[in-house]
Amino acid sequence: MRNFAIVILFVVLVGVLTEPLMEIAHVITEKVTLSSALINSSRAAKDRSLDYYGVRDIDAVIEQGRFVAYFAEAFEDALNVRLTNNQNNRTLTFVPLDDRRNTIQVTLDFVVSDNYFNQKQTRVEARLESFYKYKTAYLIRAHQFFGSDVDYLMVLQRMYIISVRN
């Protein structure tokens, strides 16, 4: 009987110890998914929104409205989300269509400057913020009990320098 109690205690302890490790694995997976969606959406938007008349003069100027539209379209397709708010082509708010993640907010900053060769280049700074939605039962209960005190904010920042080389 003593050995049976030790086995039960061992199983409970292993479950309690592996639960946070599984949540860490879920967090890493979610960050990788969001990062790849941000990178791929930015790349697709860059390719489609470059001003081709400027490329002829070796200037990399993008049309911000087109960039934001193409970025939002690719981001929606990548993560199964829907764009609900677009503030001045700068702050985009995406709401998920399924129950896998929370609301995602993407902030895009555009800076056009000259490089060393007096050619225009565009720098796009993208910042993604989203609260993580817990996946394991213990942490879901903890989040329900403690509320916003245990929220985990995921922040991803990327900077893209768009230039044309001859």
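Predicted model: local features only at pLDDT ≥ 70, side-chain atom pairs only at ≥ 80, totals over all residues.
**Exercise 1. Which residue forms a salt bridge with arginine 90, and how far apart are the closest N and O atoms?**

Residues are numbered from 1 along each chain as its sequence is written, and side-chain values use heavy atoms, with hydrogens and water left out.

*Solution.* 
- Step 1. Apply the criterion: a salt bridge is a side-chain nitrogen of Lys or Arg within 4 Å of a carboxyl oxygen of Asp or Glu.
- Step 2. Identify the partner. Arginine 90 pairs with aspartate 109, with 2.8 Å between the closest N and O atoms.
- Step 3. Arginine 90 sits in the loop between strand S1 (81-87) and S2, while aspartate 109 sits in strand S3; the two are 19 residues apart, and the pair links distant parts of the chain. Helices (H or I, at least four residues) and strands (E, at least two) are DSSP runs, numbered from the N terminus.
- Step 4. Classify exposure. Buried means under 20% relative accessible area, exposed over 50%, and partly exposed in between (1.4 Å probe, protein chains only). Arginine 90 is partly exposed because its relative accessibility is 39%. Aspartate 109, at 25%, is also partly exposed.

**Exercise 2. Find how many salt bridges the whole structure holds, and examine two further examples.**

*Solution.* 
- Step 1. The search of the whole structure returns seven salt bridges.
- Step 2. Take arginine 66 and glutamate 63. Their side chains meet at 3.5 Å, N to O. Arginine 66 has a relative accessible area of 33%, so it is partly exposed. Glutamate 63 is partly exposed at 32%.
- Step 3. Take arginine 127 and glutamate 129. This salt bridge has an N to O distance of 2.8 Å. Arginine 127 is partly exposed, with 31% relative accessible area. Glutamate 129 is partly exposed at 25%.

**Exercise 3. Count the aromatic pairs, then classify the pair of phenylalanine 71 and phenylalanine 75.**

*Solution.* 
- Step 1. Rings of Phe, Tyr and Trp (its six-membered ring) pair if their centres lie within 6.5 Å; planes under 30 degrees apart count as stacked, over 60 as edge-to-face and the rest as tilted.
- Step 2. Phenylalanine 71 and phenylalanine 75 are stacked, at 5.5 Å centre to centre with 15 degrees between the planes.
- Step 3. Both lie in helix H3 (residues 64-79), four residues apart, about one turn of the helix.
- Step 4. Contrast the geometry of another pair. Tyrosine 132 and tyrosine 134 are edge-to-face, with 5.5 Å between centres and 90 degrees between planes. These two tyrosines are buried.
- Step 5. Look for a wider group. Phe67, Phe71, Phe75, Phe94 and Phe110 make up one aromatic cluster.

**Exercise 4. Describe the largest nonpolar core and trace which elements build it.**

*Solution.* 
- Step 1. Set the rule: a nonpolar core is a set of buried Ala, Val, Leu, Ile, Met, Phe, Trp, Tyr and Cys residues joined through side-chain atoms within 4.5 Å.
- Step 2. The largest such core has 32 residues, and Phe71, Phe75, Ile104, Val106 and Leu108 have the most contacts inside it.
- Step 3. At least two residues each come from helix H1 (2-49), H3, strand S2 (91-96), strand S3 (104-114), strand S4 (120-131) and strand S5 (153-162). H3 gives the most, with six residues.
- Step 4. List the contacts of phenylalanine 71, counting heavy atoms within 4.5 Å. Beyond residues up to four places away in sequence, phenylalanine 71 touches Leu38, Ser41, Ser42, Ala45, Leu92, Val106 and Leu108.

**Exercise 5. Why does serine 42 count as buried, and which residues is it in contact with?**

*Solution.* 
- Step 1. Serine 42 lies in helix H1.
- Step 2. Serine 42 is buried because its relative accessible area is 4%.
- Step 3. Leaving aside neighbours within four places in sequence, serine 42 contacts Phe67, Phe71 and Tyr160.
- Step 4. Check a C-alpha separation. Serine 42 and valine 124 are 82 residues apart along the chain, and their C-alpha atoms are 8.9 Å apart.
- Step 5. Repeat for serine 35, which also lies in helix H1. Serine 35 is buried at 12% relative accessibility. Serine 35 touches Leu156 and Arg158, not counting residues up to four places away in sequence.

Definitions and conventions. Contact = heavy atoms within 4.5 Å.
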